[in-house]
Every structure is written in structure tokens, then in C-alpha cells.
Amino acid sequence: VRSVEAWARERYGEKDFPMIVHRLDQSTSGILILAKSKAAHYALQSQFIHRTVEKRYVALLEGEVAHKSGTIDLPMRLDYDNRPRQMISSDGKQATTEYEVLGIKDGRTRILFRPITGRTHQLRVHMAEGLGNPILGDRLYGKQSAGRLMLHAGELSFTHPATGERLRFTCTP
């Protein structure tokens, strides 16, 4: 399987900076952001750091979520004894996720997330440990109940680093 990084190198050549700005877990589908210049990479990274990039994800969860919408605000850190797992911990970094239930069918919940912060495995941990409903197919925090992780990066909005135009990209799951 060819990676996005390999594809970008083939298309744009070797760069002296990391092209990938927005990364996804290997098993997550959806939208990525790549920079074509060092200046663009810096500007886009700055937008992520200052939380001006809007991200929306869709997932299918095991079980039925009780509340139709809400905010999960649970700090997280690396589980040093079980890498690469992350864990909820009072000494972790702030992690905030807003969610909205889109529908429930056959004992599963389709849900929309808006991560406010961008911690490693944030959505996966917040669903499994915060809501008690792991993402379907999540091998680390749930059960291997699907062929793959049912998590999709469906929308990204950010300001173009050169034109200043606000851009919105969507990708249907």
C-alpha cells in the first residue's frame, strides 16, 4: 500500500520540509492537508496550533449513545505501559470534543464530532472512555467488530496561506 507521503514525493518531488500538515490515524479515512511550500506549511501549522482550523468527523459507534449532543472535556496523555494507547488522566493535556448524534440503527450510533483540540487518538478515547461507546472496528479502544475503523474526516475549513480566502473541503464517507 502506497502512503500519502510517497504519493506527494512522486508528484511534487523531494521537499526540505514536511508536506503533511493534518495527519490521520492510519485506519481513518477522509481529508488530509498537504503544504506545497515551507511558508504554507508554517502558516497552516499555525492555524492548527491556534485552533482556527475547523474539523468535522463522522463515525459509527458500538451501542446507542444516551445524549443527542454534548461536549466531552477529558484530559489525555500517553499510556506509557501500553503504547501507542492514550488514556484519560488528570495530569494529561486538555482534550475537548463536541458531538451530535446523527442517528441510531441496529444498536449502533452514527455520530458527528467537532474536535476542539487535536490530541492523538482523541476521538477514539473520548468515545470509548468518555461516552462508553467505542468506534466500530477500533482495535485499540473497542472490539474488532468491523473490517476497519469506522472513523472518517469529513470536513476541514481553514484560511488559504497565500490568498487569505477561507476554504472548506468536504468528503462524504
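Predicted model: local features only at pLDDT ≥ 70, side-chain atom pairs only at ≥ 80, totals over all residues.

Reader: Which residues have the most contacts inside the largest nonpolar core?

Author: The general idea comes first. In soluble globular proteins, nonpolar side chains tend to be buried together. Here the largest nonpolar core has 16 residues. Leu 61, Ile 111, Phe 113 and Leu 151 have the most contacts inside it.

Reader: Which elements each supply at least two residues of this core?

Author: They are β4 (54-62), β8 (96-105), β9 (108-115), α3 (122-131) and β10 (151-159). The largest share, three residues, comes from β4.

Reader: What does Leu 61 touch, leaving out residues up to four places away in sequence?

Author: Its partners include Ile 111, Phe 113, Met 127 and Leu 131. Arg 108 and Asn 133 are also among the residues Leu 61 touches.

Reader: Why is α3 said to be largely enclosed by the rest of the structure?

Author: Count its buried residues. Buried means under 20% relative accessible area. Seven of the 10 residues of α3 are buried, so the helix is largely enclosed. Those buried are Gln 122, Leu 123, Arg 124, Val 125, His 126, Met 127 and Ala 128. Gly 132 follows α3, and its phi is positive, near 80 degrees.

Reader: Take Gln 122. Is that residue buried or exposed?

Author: Compare its area with the cut-off. Gln 122 has a relative accessible area of 3%, so this residue is buried. Its side chain reaches the backbone oxygen of Thr 96 at 2.8 Å. Gln 122 also touches Met 76, Ala 95 and Pro 115, among others.

Reader: Now the pockets. How many residues line the largest pocket?

Author: Look at volume, then lining. The volume is about 620 Å³. The largest pocket is lined by 26 residues. His 22, Arg 23, Lys 55, Gly 118 and Arg 119 lie nearest its centre. The largest share of the lining, four residues, comes from α2. By class, the lining has 11 nonpolar, nine polar and six charged residues.

Reader: What classes of residue line the second largest pocket?

Author: Its lining has 14 nonpolar, two polar and one charged residues. The volume of this second largest pocket is about 350 Å³. Tyr 12, Ile 33, Leu 34, Ala 35 and Lys 36 lie nearest its centre. Here α1 gives the most to the lining, with three residues.

How values were computed
Residues numbered from 1 in each chain as written. Heavy atoms only, no water. Core = buried A, V, L, I, M, F, W, Y, C linked by side-chain atoms within 4.5 Å. Buried < 20%, exposed > 50% of the residue type's maximum accessible area, 1.4 Å probe, protein only. Contact = heavy atoms within 4.5 Å. Polar contact = N/O pair within 3.5 Å; in protein donor to acceptor, adjacent residues only side chain to side chain. 1 Å grid on protein atoms, 1.4 Å probe; cavity = no way out; pocket = protein on both sides within 12 Å on 5 of 7 lines; lining within 4 Å. Points joined across faces, edges and corners; volume = space filled by probe spheres on them. Nonpolar A, V, L, I, M, F, W, Y, C, P; charged D, E, K, R; others polar.
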